[in-house]
Amino acid sequence: MAETWSSSGIDVHLGWRPETGRTGLADAIRAAIRSGRWQPGAAVPSTRALAADLGVARGTVTRVYADLAAEGYLHTLQGAPTRVATAGALPQSAPRPVPHEPAPRWDLRPGRPDLTMFPRADWQAATRKALQHAAAADFGYTNLLGAPELRAALAGYISRSRGVLADPERTVVCCGFSHAVALLSRVLRERGVTETAFENPSLNIYRDIAAANGQRIRPVDVDAQGLRVSELDSPAVVVTAAHQYPLGVALAPERRASLTRWAAKTGAIVIEDDYDGEFRYDRQQVGALQALAPEHVVYAGTASKTLAPALRLAWLVLPRALVEPVRAAMFDSGARPPLIDQLALAELITSGAYDRHVRRTRTEYRARRDRLLAALPGTVRPQGIAAGLHLLLMLDRPSSPSEAEVLAACRRRSIGVEGLTQWWHGERGPGGLIAGYGAPAGHAFAGATQALVEALWEVTS
């Protein structure tokens with residue numbers, strides 16, 4: 001047989017034991033091919049490389065290769081690498097789970113940005129520049145609070161755009177708001193706080209995460225002025241002050257003041273979820289609550305709405321007393337956003353590209369909101385329209401169709417929307433339809449709007 005040749009050594013795992021000798025080595029290679037670990041057409045290690053790796057004579061490997069070539073497992077050719085010649089019996093993958101419902105044709109699910117608007121060219125340029133300027137040491141074990149470049153950029157950005165009293169040394173980069181809720185719930189539990197209030201209604205995913213990390217959940221109702229602060233009796237509360245989800249109301253000025261006074265007086269912690277604070281359309285932007293009581297309010301922001309949820313980039317600005325406990329919790333969790341993404345976002349912010357993208361998307365989403373409002377039949381009552389990526393159609397009038405009837409009409413037209421009822425905690429409140437206008441690609445928005453209007457006319461006329 002011609003000498004087996006390879007341009008370089010190839011690492012392989014065989015599970016071969018030296019005491020089994022040449023027969024055992026042949027069996028190990030056969031098993032690797034049959035199992036699919038050595039795939040058809042793939043080059044195998046040269047006789048010299050494999051012999052060196054296994055600590056055996058080269059002639060032993062040469063004879064094994066010759067035997068396997070004769071059996072049809074390997075293919076040899078003068079001057080070329082030896083390759084796998086046959087397909088093994090590949091293991092069968094587990095069956096894919098069948099989704100409960102197919103993906104909607106018209107995606108009006110709330111809380112989702114238009115992913116076709118992701119600034120690919122700007123992100124690519126920011127990533128390239130970040131890599132060019134990153135020091136070798138940056139690729140070691142990263143700072144537990146996040147890349148210093150991103151924390152500095154975020155502190156400047158949210159101070160300027162959201163009125164947050166931000167300090168890079170008190171800013172933490174997390175893997176999305178879910179990660180932030182888990183961290184804070186754990187830290188509060190370790191400090192003796194085991195009950196957290198949530199707005200009612202609110203997203204149950206965050207209530208569930210807090211509960212899984214040691215918090216009892218207490219619902220506090222929301223009205224047209226926002227959270228009913230007078231009903232608070234918990235040492236911690238999560239609030240969406242700028243744009244309550246899902247009702248869409250803003251926390252009234254007098255209640256903002258009342259909430260921060262209550263926190264300062266009782267020593268409570270307020271977690272401010274500013275999930276879509278950049279998208280306000282009809283009046284002057286509502287600033288962050290955190291500036292009123294920075295030692296009692298944790299500010300939480302995210303790139304999920306402005307850029308894309310898949311980036312898993314969120315940030316916290318902490319009271320001084322929570323910085324070290326959160327640092328320790330970050331170490332225990334082991335979760336960190338990828339360094340390159342952190343550096344890219346820092347570059348995107350400092351270059352001004354992030355601001356330009358936010359302004360561009362804000363203009364687009366405002367135009368979509370206006371088109372949707374203009375198309376809606378007069379029989380529905382929209383609210384929460386001043387900001388964000390969704391609006392709420394209330395269905396609490398005696399003449400209104402039920403939420404179930406509206407959702408059924410939407411399903412018949414393959415429209416992805418959500419009902420309000422599922423977000424109430426405990427006793428169910430009134431029904432409604434939560435329609436997002438951010439998710440559809442630009443070319444699909446008109447069709448999605450028309451489909452929704454047809455569904456509403458069906459059940460309201």
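In this predicted model, the side chain of Thr196 makes a polar contact with the side chain of Gln215 at 2.8 Å, a polar contact being a pair of N or O atoms within 3.5 Å of which, within protein, one must be able to donate a hydrogen and the other to accept it, with residues adjacent in sequence counted only if both atoms are side-chain atoms. Residues are numbered from 1 along each chain as its sequence is written, and side-chain values use heavy atoms, without hydrogens and water. Because the model is predicted, local features need pLDDT of at least 70 and side-chain atom pairs count only at pLDDT 80 or more, whereas totals for chains, interfaces and linings use all residues.

Thr196 lies in strand 5 (residues 195-200), where helices (H or I, at least four residues) and strands (E, at least two) are DSSP runs numbered from the N terminus. Thr196 has a relative accessible area of 3% and is therefore buried (buried means under 20%, exposed over 50%, partly exposed in between, with a 1.4 Å probe and protein chains only).

The largest nonpolar core holds 32 residues, of which Leu307, Leu345 and Tyr354 touch the most other members; such a core is a set of buried Ala, Val, Leu, Ile, Met, Phe, Trp, Tyr and Cys residues joined through side-chain atoms within 4.5 Å. Helix 10 provides its largest share, seven residues. Leaving out residues up to four places away in sequence, Tyr354 touches residues including Tyr157, Trp315 and Leu345, contact meaning heavy atoms within 4.5 Å.

Tyr157 is also one of the buried residues of helix 5, whose cover includes strand 11, helix 10 and helix 11.
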